[in-house]
Amino acid sequence: MKKITFLLFALLAITASATVTINVRTTTGDAPYLYVWNGAGTALNGNWPGTMMDKTQTYTTNIDGLVWFTQSFDEDAINLVFNDGGIDEEGTGAIQSEDIRGVTGTAFFVYDIEEGEYQDVTDTYITPTGFDVSTLPSGVVFVEGKEFAYFVAPTSWTKCNVWAWSGTSNFTTSGTWPGDPITFIGNTTEGNPVYQWIGPDIVEGDRPTGIIFNNGTTQTADLDYVAGGVYNLAGKLLYTVPKNGIELLEPVITDNYIEFVGVKAAGNYKFTLNTYEWEENHGPQFQITIVPIDPSRPAFFSQEDLSDPNYWEPMFLRVTEEMAGQAMTAQDNIKRLYLGDVQLLENQFIDYDELHIVGFDLKKDYTLPSGCLLNAGQHMDEMDVKCKGTMTLAPNSLPANKMFVVTVYTQSVYDVWNSYKQAYNCDYILNLNSKIPGDVDGDGIVTSVDITILYNYLLNNTTEGMVNGDQDGDGIITSVDITIIYNILLGN
C-alpha cells in the first residue's frame, strides 16, 4: 500500500511540473550556445558556456520558413544566456547576451551571434492568449477580398458549420441553422482539426459582426467576427491571419517622375520602383530596389509578386499610359535592379531581358539560384556584387558568352565568380575592387569595425587591418575620414 501511495505522489509530481521551451534563430544562421540555470542556481545545460543548440532538435515555423533552434527544460522558470561558445582569458564567454531571467512557457528569441545582442520576439509567434502560431497547418492563409475565418476544433469533431450575421444580413448560403459546412484544411501539431470558412466578397458597410461555429450538436457562444480570425470552442480569438499580399502605397507622380512603393509583410520585403531617367520621346526608364523590412531575417518574394494581375501591375500600366502615352509593363521596362539581402528563387528574373545594371548588397552567405538572370545578359552592362559572406552560384545563373562587367569586392567572392566563369565558358569581365567607400578593412561592407581601425591609426599609428583608409582622397587619414564613414553608416 505504501508503494502504491508513493507511485501516486510521484505521478502527481511529474504531471504538475511545467516545461519551458526556448526557440532561437540567429542573424547568421549559426547555432548558438545556450547556458541555463534555475532559481536555485543549478546549471541545467552543462557548465559554462552551456551546450551548442544544433545538438538538439530543430524545426521550421510556418510563418517565415526559417530554421529555429529549440530546447526544452522541465522547470517552472529558467534563466539563460546565449553565447558563441568562446572563452576569453577571464574564463567568460567572448561574445554573449545579457542574463535573460524568469523565462516561462514557450519563448522566441532572435540572437545576433556576432554582437551578443538579442530580441524577445515571443509576441510575434505566440499571441497574448498563449496560442503558439507555429502549431497551425500551412493552409491557414490570408484570403484576399473575401470574408474568412478559421476554427480550431476539438479532436472529436469530424465536421464543422458556420453561422455568420450582422444586424441586417445573414452571411451563410443556406440561410438556415446550423449554417454552412466549412472545409477541413489540416490538423494542428497537437492533432486538433482546423476548418476554414470562406464567405462572400467583402462589401464595405455590410460585413459580418458575429459568428458561431458548431458541429450540429455542440457550438461556440456568439463570437465577435474578425476577418481572418482563428477561434476555438472556448470562444477565444487565438490569432488573426495577417495580409500576405502586396500593400501598394499611393504612387508619387509628377510631370517627369513616377515612384511606386510596395510592402509585403508576409514576405518581409519592400520594393521601390521609380524612374531614373526621362528622355523626350523615349519614355521613363525604371529601376527597382528590393530590401527586407526586418534585416535580421531573409526576405522572399514569389514569381507573381511583382506582376500581380489583380492589383500592382494594372495600376502601373495605367499610370505609365497616362504619363508616357503607352501602357508599359514593369517586366519589360526595368533597366536597373538592386537587391539588398533578398533571396531569389529559380528563374526569378529570367523574363526581365531589359536589365542593364544589377546590384547585390549582401551581408550574409548567399546563393544565386539557377536561371535567375539568363536573359539579362542580352543588355546587361554591369553587375555589382557586394557580399560579406560566402557566395554560391548555381548552374545557369547567368548567360554564357555575354560580355558584361562583374565587379566584386572580396577575394573569396572573386574566386567563386572566376570559377563559375571558367566552368561555364562565360566571357564577362571580372573585376576585383576592394575600395568601397567607407570599407576600410576591405571585407565588402561598411561597419563600425572600419571606424575602429581608423581610430586605432590616429591614436596609435597602427595600420593593422587597413586596406582603404583615405576616404576623402586628400592623401592623408584624419578625423574627416571617420566622419565620412559615420555618415555612410547613418545612410547620409
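Colleague: Why is Gly235 called partly exposed?

Modeller: This is a predicted model, and in this model Gly235 has 28% relative accessibility. Buried means under 20%, and exposed means over 50%. The value of 28% falls in between, so Gly235 counts as partly exposed.

Colleague: Where does Gly235 lie?

Modeller: In a loop. The loop runs between strand E17 (229-232) and strand E18 (237-240). Gly235 is 84 residues from Phe151 in sequence, with 9.8 Å between their C-alpha atoms.

Colleague: How do you know that E17 and E18 pair?

Modeller: Pairing needs at least two bridges between the strands. E17 and E18 have 3 bridges, in the antiparallel sense, so they count as paired. Gly229, for one, has Thr240 in E18 as its bridge partner.

Colleague: Which sheet holds these two strands, and in what order do its strands run?

Modeller: An open sheet of 5 strands, with mixed pairing. The order is E13-E14-E10-E17-E18.

Colleague: What makes E13 and E18 edge strands?

Modeller: Strand E13 (183-187) and E18 each pair on one side only. On average, neighbouring strands of this sheet are turned by 25° against each other, direction ignored.

Colleague: Why is Val342 called buried?

Modeller: Its relative accessible area is 0%. The cut-off for buried is under 20%. Val342 is therefore buried. The residue sits in strand E26 (residues 342-343).

Colleague: What is Val342 in contact with, leaving aside its neighbours within four places in sequence?

Modeller: Ile290, Val291, Pro292, Ala299, Phe301 and Tyr366. A contact requires heavy atoms within 4.5 Å. Tyr366 is 24 residues from Val342 along the chain, and their C-alpha atoms are separated by 9.1 Å.

Colleague: Which residues make the nonpolar surface patch?

Modeller: Tyr455, Leu459 and Tyr486 make the patch, which covers about 340 Å².

Colleague: How many helices and strands does the protein chain have?

Modeller: There are 7 helices and 32 strands. Of the 492 residues, 44% count as buried. The chain exposes about 24,400 Å², and carbon and sulfur atoms supply 50% of that area. Among contacts with a separation of 6 or more, 56% join residues 24 or more positions apart.

Definitions and conventions:
Residues are numbered from 1 along each chain as its sequence is written. This is a predicted model: local features need pLDDT of at least 70, side-chain atom pairs count only at pLDDT 80 or more; totals for chains, interfaces and linings use all residues. Side-chain values use heavy atoms; hydrogens and water are left out. Helices (H or I, at least four residues) and strands (E, at least two) are DSSP runs, numbered from the N terminus. Buried means under 20% relative accessible area, exposed over 50%, partly exposed in between (1.4 Å probe, protein chains only). Accessible areas come from the Shrake-Rupley method with a 1.4 Å probe; for residues, only the protein chains shown count as cover. Axes are lines fitted to C-alpha atoms, for helices over the stretch in contact, and angles run from 0 to 180 degrees between N-to-C directions. Patches are made of residues with over 30% relative accessible area and no salt bridge: like charges are joined within 9 Å, nonpolar side chains (Val, Leu, Ile, Met, Phe, Trp, Tyr) within 5 Å. A salt bridge is a side-chain nitrogen of Lys or Arg within 4 Å of a carboxyl oxygen of Asp or Glu.
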